[in-house]
Amino acid sequence: MRRPFSSFALSRHSVRLLAGAFLVFTTAVVAPPMARAATVQELQRSLAIIRINAIDLLAKGERLPLPIQQRRDILRAYYEEQGGELLWLRDDRPEQLVAALDGAAADGLRPDDYPTGQLLSLLQETDFKDVRGLALIELYFSAAFLEYTADLSVGRFLPSKVDPNFFLKARSLDQGAALQAVATADSLDDFFESWQPSSSYYASLRGALAQYREFEAEGGWDLVPLGPPLKPGMTDPRVAYIRARLAVTDAADPEGPSGADTYDPDLVAAVERFQARHGLDVDGVVGPAVLVAMNVPVEDRVQEIVLAMERWRWMPRDLGQQYLMVNIAGFDLRRVKDGETEQRMSVVVGKPYSRTPVFSDMVRYIELNPYWTVPAGIAVKEELGKLRSNPGGLAAQGFEAVRGKDVFDLRSINWSNYGPGNFPFQLRQQPGPKNALGRVKFMFPNEHSVYLHDTPSRSLFARSERAFSHGCIRVSQPLDLAEQVLVAGGVSGWNRDRINQTVATDKNTVVKLNEPLPIHLTYLTAWVDENGVNFRKDIYKQDAKLLAALDGKALAW
Amino acid sequence: MIRNPAARWMARATVCSLMLLATTGARAGTLEDVKARGTVVCGVSEGLGGFSEKDAAGTWRGFDVDFCQAVALAVIGDAAKVDYVPLSATDRFKALADKKVDLLARNSTWTLSRDAGQGLEFVGVSYFDGQGFMVPALYGATSPLQLNGATICVVSGTTTQDNAAAYFDKAGLKVSFLPFAERQDARKAYADGQCDAYTADRSALAGERADLPKPDGHMILNDVISKEPLGPVVRDDDAKWVNLVRWVLFGLIEAEESGLNQSNVATGQATEAKRLGASSGPLLGLPDDWLAKVIGGVGNSGEIFERNLGEETPMQLARGINALWTQGGILYAPPLQ
């Protein structure tokens with residue numbers, strides 16, 4: 001885990017100084033005072049000597065400064081390789097690197113985390129005839145470059161260190177490949193662009209970050225006073241506040257028509273845009289939830305975007321040509337093909353105390369008319385009483401008992417003979433309209449026993465916040481999704497009619513995907529879509545944890 | 001940093017001057033001794049940047065020195081009436097127990113064995129310190145967790161190395177230590193690049209950093225890996241003196257919280273200081289205007305911090321956890337009522 005610190009902000013002035021220093025450097029190396037006419041040959045020879053010194057430093061046993069020492073083998077492998085030329089003591093590469101680190105904020109990173117000021121003064125203070133010293137500078141720059149590239153590309157934290165609910169596989173930077181790639185990149189900008197998270201989700205957040213930083217620079221927005229719900233057509237002195245607030249982010253007309261205290265249709269439209277971006281009921285009514293969302297300060301919104309970008313660094317670089325993505329914080333599932341969202345639907349996710357975990361996996365099969373097996377703990381704890389007092393009631397809901405290969409009617413067993421520690425049955429619910437998993441489940445077998453499924457209780461989808469489950473994910477349009485998942489999975493002959501007919505039989509049917517479909521369970525409180533920049537509540541308080549880690553607040557100092 | 005107790009002789013001159021004091025004030029209470037003597041004898045460090053050291057003119061200055069003066073102002077009404085006795089880490093508690101000093105204001109960590117085992121009493125916490133790390137700024141490190149493979153300079157004979165070893169062990173990182181008996185040698189080795197990092201209490205690191213050839217080239221990481229609450233110490237057999245010193249400390253904190261400072265006390269606007277002093281003076285055996293004198297002389301806890309350790313000093317320490325509890329820190333005093 002890393003901590004921020006206050007370092008040396010790099011000014012434009014110092015970049016110019018660097019350019020100056022580099023001029024001195026090239027002049028000294030290329031054209032000694034006696035022979036002003038520089039030749040390419042001489043430059044190359046000087047650089048070759050520095051490179052040999054760099055290799056020598058790395059190859060010898062003696063201790064090197066820590067950032068270099070920690071990457072010794074990788075650096076040595078690179079510089080020793082055929083074509084492993086110097087990366088930084090050439091052209092305006094040092095300036096480019098310093099400028100890139102200086103601009104770290106655009107990617108939601110913190111410029112103060114990188115020693116730009118120190119790298120600059122290294123160059124400025126160096127004796128350009130000291131080839132050993134120059135070799136060390138080259139290595140310092142390489143180390144700083146690798147540090148930044150890792151932060152940009154795979155994130156500053158191991159996901160699991162920040163939050164135990166994140167089970168994403170830790171990604172690590174291929175440092176050798178990064179060195180090779182930067183050597184041949186036309187510019188550092190090109191390099192960093194191709195090594196930052198590649199998904200369009202990240203790129204759009206990057207844009208949103210710039211936009212919200214601008215809002216912040218311009219002073220953000222003022223609080224809208226609380227009060228009773230405001231409905232379209234009403235007149236209220238708070239209308240002016242809402243107008244001003246939404247003029248910043250939702251294209252409300254800051255002036256409004258005459259009689260500006262009237263909640264007019266144009267402003268209603270802006271409120272509805274705002275509601276859509278925040279996952280609120282789109283009804284134009286400015287109630288408490290809308291006011292609370294409007295009054296979140298711009299700094300917090302900037303922070304949410306930064307956190308979402310950090311989480312994208314943890315995601316697999318290749319999401320798949322087709323995939324499912326669930327955003328737990330957005331209560332939303334999307335099916336994406338070739339970068340286009342083809343299907344979106346509401347989902348119900350785990351309650352805060354039975355949180356849906358974050359990880360990536362593959363959907364391997366779907367099950368129509370699934371059985372629901374009551375988890376063993378729940379069976380004894382919650383159902384035993386009912387089994388003893390009224391086994392018929394449970395049987396009427398389709399429950400039966402399974403022992404090995406035998407299936408029993410619940411009424412055929414004397415349940416008072418069994419109890420905790422002596423319960424040799426599995427309790428399961430037969431497929432059918434009352435089944436707790438509904439008509440279909442989507443399986444991506446994983447250690448968390450999490451899957452997607454239908455539900456017979458569909459009313460919850462109408463709520464704007466949907467964290468109700470024990471961890472599994474309930475989807476709102478299960479059969480539509482099943483149809484498309486089978487297509488994406490390369491299963492032929494399963495059109496909607498066949499699905500419907502199979503469902504109607506109440507018979508348990510497993511359909512295996514020929515090509516497993518990637519699924520990504522994510523937790524993002526900020527993202528960009530056709531509604532603009534979306535923000536959601538931090539239902540699991542996971543933003544708070546990541547932010548504390550970024551701020552080094554785990555220890556209050 | 002917690003020194004292991006080990007006997008060592010005090011400097012000869014100090015011993016001689018103290019013998020005299022010890023004999024004159026053998027019977028009466030410490031407060032009576034101090035009043036009769038006309039000075040407070042205050043044990044300080046042998047020279048620790050920002051806390052207690054002699055400036056170029058030979059005048060003692062620092063955070064701990066100001067506390068000595070606060071006690072002198074409360075009892076005698078004059079900040080100059082302090083005899084400073086520099087004490088080594090190993091000698092300090094014995095010197096106090098042997099009545100060679102009236103109190104210690106000497107960057108000492110409050111621990112159970114020191115509080116309960118030696119007839120001493122910590123009156124409170126004046127500075128919340130903790131062990132940290134200094135690294136070259138060029139490293140671009142933001143956390144000690146980035147120090148895998150590092151060689152770390154450390155002063156031996158204290159708990160510092162053990163703390164750090166336990167910390168890295170728990171984090172699953174491998175580091176090696178380069179221990180030195182003397183602080184100057186450890187600093188020199190670090191300055192010469194023999195080590196990647198230097199670990200000590202953060203307040204001490206701030207002083208060391210200020211003494212490096214290029215302080216800006218080094219940074220102290222934010223992480224703190226141990227609790228080191230520093231505070232004044234007195235003997236525990238003189239309840240009156242314990243209370244007095246304790247409430248001088250609390251008075252400095254309470255003053256900051258009530259907005260009393262050196263300038264508004266000096267201009268006589270601060271009736272609050274007088275009110276607080278008048279109600280508490282008789283209970284502590286102090287004149288009614290004791291708090292006004294203290295704040296007028298050395299300022300409140302915030303002013304003492306900023307003057308000796310703050311961002312504008314060579315120490316460049318942020319107030320951080322040492323801010324008042326009302327301002328995001330944990331500095332807290334019971335009410336002066």
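Hi everyone, let me start at one residue: leaving aside neighbours within four places in sequence, B:C68 is in contact with B:V40, B:C42, B:V44, B:V82, B:Y84 and B:A105. By contact I mean that the C-beta atoms of two residues, placed from the backbone, lie within 7 Å. Before going on, a word on the source: this is a predicted model, where local features need pLDDT of at least 70 and side-chain atom pairs count only at pLDDT 80 or more, while totals for chains, interfaces and linings use all residues. Residues are numbered from 1 along each chain as its sequence is written, and chains are lettered from A and ligands numbered from 1 in the order in which they are written.

Back to B:C68. The largest nonpolar core has 138 residues, and B:C68 is among those that touch the most other members, together with A:Y140, B:C42, B:V71, B:V248 and B:V294. A nonpolar core here is a set of buried Ala, Val, Leu, Ile, Met, Phe, Trp, Tyr and Cys residues joined through C-beta atoms within 7 Å. Buried means 20 or more other C-beta atoms within 10 Å of a residue's own, exposed means 12 or fewer, and partly exposed is in between, with C-beta atoms placed from the backbone. The most to this core comes from helix α7 of chain A, residues 131-154, with 13 residues. There is also a second, separate core of 69 residues, which includes A:Y201, A:V306, A:M315 and A:I539.

Now, how many residues of strand β1 of chain B are buried? The count is 5 of the 5 in residues 40-44, so β1(B) is largely enclosed by the rest of the structure. For the record, helices (H or I, at least four residues) and strands (E, at least two) are DSSP runs, numbered from the N terminus. In a regular strand the side chains alternate between the two faces of the sheet. In β1(B), B:V40, B:C42 and B:V44 are buried on one side, and B:V41 and B:G43 on the other.

Who pairs with this strand? Two strands pair if DSSP finds at least two bridges between them. Strand β4 of chain B, residues 82-86, runs parallel to β1(B) and is joined to it by 5 bridges, with B:V40 opposite B:V82. Strand β5 of chain B, residues 103-104, is also parallel to β1(B), through 2 bridges, and there B:G43 faces B:L104.

Let's step out to domains. An automatic or database domain assignment sets the bounds, giving chain B domain 1 (12-128 + 229-327) and domain 2 (131-226). Domain 1 of chain B puts 10 residues into the contact and domain 2 of chain B puts in 6 residues.

Next, an open sheet in chain B. Its 5 strands follow the order β10-β9-β11-β8-β12, with mixed pairing. At the edges stand β10 and β12 (218-220) of chain B, each with a single partner strand, so one side of each has no neighbour in the sheet. From one strand to the next, the twist averages 30°. Strands β9(B) and β10(B) run parallel, joined by 5 bridges, and B:T151 stands opposite B:S176 in β10(B). Packed on the sheet is helix α6 of chain B (residues 160-171), which touches β8 (131-136), β9, β10 and β11 of chain B and makes about 150° with the direction of β9(B). Axes here are lines fitted to C-alpha atoms, for helices over the stretch in contact, and angles run from 0 to 180 degrees between N-to-C directions.

Helix α7(B) lies across β9, β10 and β11 of chain B, at about 160° to β9(B). Just after α7(B), B:G193 takes a positive phi of about 85°.

Most residues other than glycine have a negative phi, and most peptide bonds are trans. A:S449, not a glycine, has a positive phi of about 55°; its place is the loop between β9 (440-443) and β10 (452-453) of chain A. With 11 C-beta neighbours inside 10 Å, A:S449 counts as exposed. B:Q316 has a positive phi near 50° and lies in the segment after α13 (301-308) of chain B. With 17 other C-beta atoms within 10 Å, B:Q316 is partly exposed. Thanks, everyone!
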